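Please examine the sequence and the coordinates together before reading on. The explanation is meant to be followed with both in view.

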Amino acid sequence: MLGERHGSAEPISRTSRHYCSRVSHHTEALAVIEAVRRACAQADGQDPLDEAAELHLKHRGLEGARAWLADDHGFALRRGSEVDLAVAPDLRGRGLGSELA
C-alpha cells in the first residue's frame, strides 16, 4: 500500500514508500514514465497512455498530476479523476501493477 504525504506539493511516490521531492525528481519520474511507455508500445503495439495523458505530459509535465513509480519498471499517473497505470512488459505478472493500484 502506498502512503500519502500532505502539503502543497504533489508527491511522487515509490512503491517502497519513499517520497521524492516535487522539484528535484520530476525529471527522473518523467524519464521512468517515458521508458515504460516505450517498452509497452514496442511490446503491445500501442502507447499505454491515452491522448489526454500524453498531451498533459507533453505540455504540463507532472504539474497538476501525481505519479507513483515501481522502481524503473512501472508507474501510476493520476490526473484529476483519471488514472493511468503501466508496467514494463518483461516484469508483468509479478504484482507491480497490483502494488501500484
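Predicted model: local features only at pLDDT ≥ 70, side-chain atom pairs only at ≥ 80, totals over all residues.

The protein chain has a mean pLDDT of 79, and 75% of its residues reach 70 or more. Over residues 1-24, however, the pLDDT is below 50, although this stretch has 50 contacts in the model beyond near neighbours in sequence.

As to the overall layout, the protein chain contains 3 helices and 5 strands. Along the sequence these elements follow the pattern β-β-α-α-β-β-β-α. The protein chain has 101 residues, of which 38% are buried. When contacts between residues at least 6 apart in sequence are considered, 49% of them join residues at least 24 apart.

Helix α1 has 19 residues. From its first C-alpha to its last, α1 reaches 26 Å, close to the 27 Å expected at 1.5 Å a residue. How are the buried residues of α1 placed around the axis? The residues concerned are H26, A29, V32, I33, V36, R37 and C40. They lie on the same side of α1, because the arc they cover around the axis is only 130 degrees. T27, R38 and Q42, by contrast, are exposed on the other side of α1. After α1 comes G45, which has a positive phi near 85 degrees.

In soluble globular proteins, nonpolar side chains tend to be buried together. In this model the largest nonpolar core holds 15 residues, and those touching the most other members are I33, V36, L57, L62, F75 and L77. At least two residues of this core come from each of α1 (26-44), α2 (51-60), β3 (65-69) and β4. The most is given by α1, with 5 residues.

With neighbours within four places in sequence left aside, L77 is in contact with L57, L62, A65, R66, A67, E82, V83 and D84.

The next element to consider is a strand pair. Strands β4 (residues 74-79) and β5 (residues 82-87) run antiparallel and are joined by 6 bridges.

Finally, attention turns to helix α3 (residues 96-100), in which L96 is found. Is L96 buried or exposed? L96 has a relative accessible area of 17% and therefore counts as buried, the cut-off being under 20%. Not counting residues up to four places away in sequence, L96 touches A70, H73, V87 and L91. L96 and G74 are 22 residues apart in sequence, while their C-alpha atoms are 7.1 Å apart in space.

Methods:
Residues numbered from 1 in each chain as written. Heavy atoms only, no water. pLDDT = per-residue confidence, 0-100. Contact = heavy atoms within 4.5 Å. Pairing = 2+ DSSP bridges. Helix = DSSP H or I, 4+ residues; strand = E, 2+ residues; numbered from the N terminus. Core = buried A, V, L, I, M, F, W, Y, C linked by side-chain atoms within 4.5 Å. Buried < 20%, exposed > 50% of the residue type's maximum accessible area, 1.4 Å probe, protein only. Expected span 1.5 Å × (residues − 1). Arc of directions from axis to C-beta.
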